[in-house]
Every structure is written in structure tokens, then in C-alpha cells.
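Open the model in your viewer and keep the selection tool at hand. The stops follow one another from a single residue to the sheet, the helices and the cores.

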Amino acid sequence: MSERDVFEYALLRVVPRVERGECFNAGVLVYCRAKSFVAVRTHLDESKLRALDPEADVAGVRAALRAVEGVCAGGKAAGQAARDDAGRRFRWLIAPRSTVVQPGPVHTGLTADPEAETQRLLQLLVR
């Protein structure tokens, strides 16, 4: 059996009307310290978004999800987090916030392949 490392993950939730608290999953953030790995995969289900808020700003939600993707990628796309390591970027992204795209609680597991785990969690918990 291959070596498995601890990883952490959090779901990205879309909360179209923060005052109502209704949400659905639109992405997953994965961090594995042992591999210096941080990634996000997103999938916005517009029909769910419109069901919760027919007036929702779809482009704005997509932009918020792209911003998370940029921070995960690092480099210029990460803005102020450009020089931060994978762990600091993950911690910044999972910090609670009251916006349309919010991180859920952090969970842990073991994986031999964080990239494959990211895809597995996207299929299992988001799509």
C-alpha cells in the first residue's frame, strides 16, 4: 500500500441571500501539508442558484469562485497572497466570511494522491 498523508478539506458554499442562510455546495478546497499542495475545484449549478434566488448575480458568484481559484494557484493570480505558502493560502481561504461564497467547516482524511482526492470530493460532494 502506498504512503498516505493527512489532508484537510472544506466545501465552498454559495449563499445567495446571506440573511436567509440557504446554501449549496459549489466547490471543494483541499490542502495537504506533506505535499505542499493546495487546490480548489468548483462547479456552479445555476439551476440551484436560481432556485434559491431568481435574481442572483450569476456572474458575481462565478467571479468569487474564480478569485478562490486564483488564490489557490498562487503567483500573480493570488494577489496579496502571492508570496504565501500553500498552508497560509488555505488558511486564508477557509476563514469565515459573510459573503455569497463561504467556506464550510474543515474536515480531515488520508490520501496518497491529493489531486485525485480533490476530484473525488468534487464528484461526491458538489456535483
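Start by selecting C23. C23 counts as partly exposed, at 38% relative accessibility; buried means under 20% relative accessible area, exposed over 50%, and partly exposed in between, with a 1.4 Å probe and protein chains only. Note before going on that this is a predicted model, in which local features need pLDDT of at least 70, side-chain atom pairs count only at pLDDT 80 or more, and totals for chains, interfaces and linings use all residues. Residues are numbered from 1 along each chain as its sequence is written, and side-chain values use heavy atoms, with hydrogens and water left out.

C23 sits in the loop between β1 and β2. Helices (H or I, at least four residues) and strands (E, at least two) are DSSP runs, numbered from the N terminus. Show what surrounds C23: R13, V14, V15 and L52 are in contact with it, leaving aside neighbours within four places in sequence. Contact means heavy atoms within 4.5 Å. C23 and G79 are 56 residues apart in sequence and 27 Å apart in space, C-alpha to C-alpha.

**The sheet**

Select the strands. 4 strands form an open sheet, ordered β3-β2-β1-β4, with antiparallel pairing. Two strands pair if DSSP finds at least two bridges between them. At the edges are β3 (37-42) and β4 (101-111), each pairing on one side only. On average, neighbouring strands of this sheet are turned by 20° against each other, direction ignored. Axes here are lines fitted to C-alpha atoms, for helices over the stretch in contact, and angles run from 0 to 180 degrees between N-to-C directions.

Zoom in on β1 (residues 5-14) and β2 (residues 24-32), which pair in the antiparallel sense over 7 bridges. Find L12: opposite it in β2 stands G27.

Next, pick D5 in strand β1. Is D5 buried or exposed? D5 is buried, with a relative accessible area of 10%. Its side chain makes a polar contact of 3.1 Å with that of K35. (A polar contact is a pair of N or O atoms within 3.5 Å; within protein, one must be able to donate a hydrogen and the other to accept it, and residues adjacent in sequence count only if both atoms are side-chain atoms.) Among the residues that D5 touches, not counting those up to four places away in sequence, are C32, G109 and T111.

Select α3 (residues 86-94). Helix α3 packs on the sheet, touching β1, β2, β3 and β4, and its direction makes about 155° with that of β2. Colour A86, G87, R89, F90, L93 and I94, which are buried in α3. They lie on the same side of α3 because they cover an arc of only 165° around the axis; the arc is that of the directions from the helix axis to the C-beta atoms. Their cover includes β1, β2, β3, α2 and β4. At the start of α3, look for D85: one of its side-chain oxygens reaches to within 3.1 Å of the backbone nitrogen of G87.

Move to α4 (residues 114-125). Helix α4 lies across β1, β2, β3 and β4, at about 30° to β3.

**The cores**

Finish inside. The largest nonpolar core has 25 residues, and L12, V14, L29, L44, L49, V61 and L65 have the most contacts inside it. Such a core is a set of buried Ala, Val, Leu, Ile, Met, Phe, Trp, Tyr and Cys residues joined through side-chain atoms within 4.5 Å. The largest share of this core, 6 residues, comes from α2. Select V61: its contacts include V14, L44 and V101, not counting residues up to four places away in sequence. Another core, of 11 residues, lies apart from the largest one, with F7, Y9, L11 and L122 among its members.
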